[in-house]
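Look over the sequence and the coordinates first.

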Amino acid sequence: MSVHDETVGAGLGAPTVAPVRARDEKLGLALLVIATAQLMLVLDNTIMNVALPSIQRALHMATANLNWVITAYALAFGGLLLVGGRAGDLFGRRCVFRVGLVLFTLASLTGGLAPTSGVLIGARVAQGIGAAIAAPTALSLLATTFPAGPARNKALGVYGAMGGLGSVVGLVLGGALTEYASWRWVLFINVPIAVAVLIGTAILPVGERDRGHLDLPGAVAATIGFGSLVYAINRSNVDGWADSLTITFLIAGAALLAVFIGIQRTASTPVLPPSVLADRARSGAYAVMFLIGAGMFAMFYFLTLYMQVVRDYSPMHTGLAYLPFAIGIGLAAGGFGPRLLAQMSASAVVSIGLAIAVVGTLWFRLLSPTSSEVATLLPAQFVTGFGLGLAFVTVTIVAVRGVAPRDTGIASGVVNTAQQIGGALGLATLVTVAATVTRHAATHNTRLVALTHGYTAGILVGGALFLAGLVVALLTLRVRVSAQPH
């Protein structure tokens, strides 16, 4: 080739390389904005956990009501996610994403200034509503921004990792803020992050709009139905299952969920289109995420109480003690998970991950008021986190695989709905299990030993939920996600 040819070749190549590089940079910035938003929204599930004892003392909350600081957010978040996803499809995903972020920011500020427990729980509900609007539109923006194939799988892997990693980052950050500032800063910290994400949304595409309307009756029936069930489960812990109000809320919850199913069958634009659930693997992914959320939320709750009540850890020590969990999830989601997905089916990767997570929860059985942190608490967290990291990435990818573009918001919403509703119901149920075990153990043991028995019992039942997720994965997730077209 002559010098002239080389010059011509370089001249022809430059216009091609530059747009590709610019596109890649834009996609990278879009992923940064969406992943940061997901991290912020998810960490608010757990950032309050480490601060719970401080909140209880400051606002004089009864122990029986303390888990509502966590549950209120999860219920509002999970119950309205489907509406949030549908709103993005109808009114423009970027616009709806911004609305959700603004509401989340204002609610965080209100919660940080809350003078009473009632105001705090109300602010947590408003936070959950904002998160429900923002989260599914973030994932649908990601699914429609990145081309199908390796690029989208990588982006979805990062997003899925935020789902697991965000929970642990919340625990570590919550510990630092509670100890060195105030429990109120676990809410104030959202404000600058949300403002930065809002500024970054300029890089995101506007997104196409679908026609139709929101299925608000269906969303309200589902949210209040799940809320009634959670309230009944929580109330049974204090007043028993024979209590008239407990029974009333159980019946009301079941009735409202039946109404929700009926609405979905007759609505012209149901909040949960049958087409989204028609795929066996996708429905299986939602079920697995529900079970993971149910076990994981409860595990964080019990571990936090074990560390601060039984072991008398400071908030910062508690937050740092969760680092092995974060490292485990990061390693699995950032490297091992995608590599395994390139070589085996989704069911195999999820099953391996959940089997490892089950081993980790069994390890927690060795906890006692005097057990070694290095031999039990820390390694058990790493093993459990690594296993859940493998599952998170794979389930997230399968959950939006092959969805029609008009339904990406809904499909994205169902992923988060499954995790949040699973977490709320799982936490309420396992708190009751732990309290029952603690009461029985207290007749023959010291208070700290009895509490430890209760906490570990709750964690072990959470491990059983992971095992159930493993079975569901084996039966439903028999797909290869690496075979998507470039």
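Predicted model: local features only at pLDDT ≥ 70, side-chain atom pairs only at ≥ 80, totals over all residues.

Residues are numbered from 1 along each chain as its sequence is written, and side-chain values use heavy atoms, with hydrogens and water left out.

**Overall**

- The chain has 18 helices and 0 strands. These are DSSP runs numbered from the N terminus: H or I of at least four residues for helices, E of at least two for strands.
- Of its 486 residues, 57% count as buried. Buried means under 20% relative accessible area, exposed over 50%, and partly exposed in between, with a 1.4 Å probe and protein chains only.
- The accessible surface of the chain is about 18,600 Å². Carbon and sulfur atoms hold 70% of that surface. The areas come from the Shrake-Rupley method with a 1.4 Å probe; for residues, only the protein chains shown count as cover.
- Among contacts between residues at least 6 apart in sequence, 85% join residues at least 24 apart. A contact means heavy atoms within 4.5 Å.

**Nonpolar patch**

- Leu320, Leu323, Ile327, Leu331, Phe336 and Phe382 make a nonpolar surface patch of about 500 Å².
- Patch residues have over 30% relative accessible area and no salt bridge; nonpolar side chains (Val, Leu, Ile, Met, Phe, Trp, Tyr) are joined within 5 Å, like charges within 9 Å. A salt bridge is a side-chain nitrogen of Lys or Arg within 4 Å of a carboxyl oxygen of Asp or Glu.
- Helix α14 (residues 323-341) gives the most to the patch, with 4 residues.
- Leu320 belongs to helix α13 (residues 315-321). Its relative accessibility is 41%, so Leu320 counts as partly exposed.

**Aromatic pairs**

- The whole structure holds 10 aromatic pairs. Rings of Phe, Tyr and Trp (its six-membered ring) pair if their centres lie within 6.5 Å; planes under 30 degrees apart are stacked, over 60 edge-to-face, and the rest tilted.
- Tyr301 and Phe302 are edge-to-face, because their ring centres are 5.8 Å apart and their planes are at 75°. Tyr301 is buried at 6% relative accessible area, and Phe302 is buried at 2%.
- Phe336 and Phe386 are also an edge-to-face pair, at 5.4 Å centre to centre and 70° between the planes. Phe336 lies in helix α14 and Phe386 in helix α16 (residues 373-399), so this pair ties together parts 50 residues apart in sequence.
- Phe336 is partly exposed at 40% relative accessibility, whereas Phe386 is buried at 17%.
- Arg339 lies over the face of Phe336, 5.3 Å from the ring centre. The test asks for NZ of Lys or CZ of Arg within 6 Å of the ring centre and within 35 degrees of the ring normal.
- Trp68, Tyr231 and Phe249 are linked into a cluster by ring pairs.

**Two single residues**

- Thr318 lies in helix α13. Thr318 is buried, at 0% relative accessibility.
- Not counting residues up to four places away in sequence, Thr318 touches Val50, Thr304, Met307, Gln308 and Tyr313.
- Leu448 lies in helix α18 (residues 447-476). Leu448 is partly exposed, at 29% relative accessible area.
- Leaving aside neighbours within four places in sequence, Leu448 is in contact with Val309, Val310 and Pro369.
- Leu448 and Thr370 are 78 residues apart in sequence and 9.9 Å apart in space, C-alpha to C-alpha.
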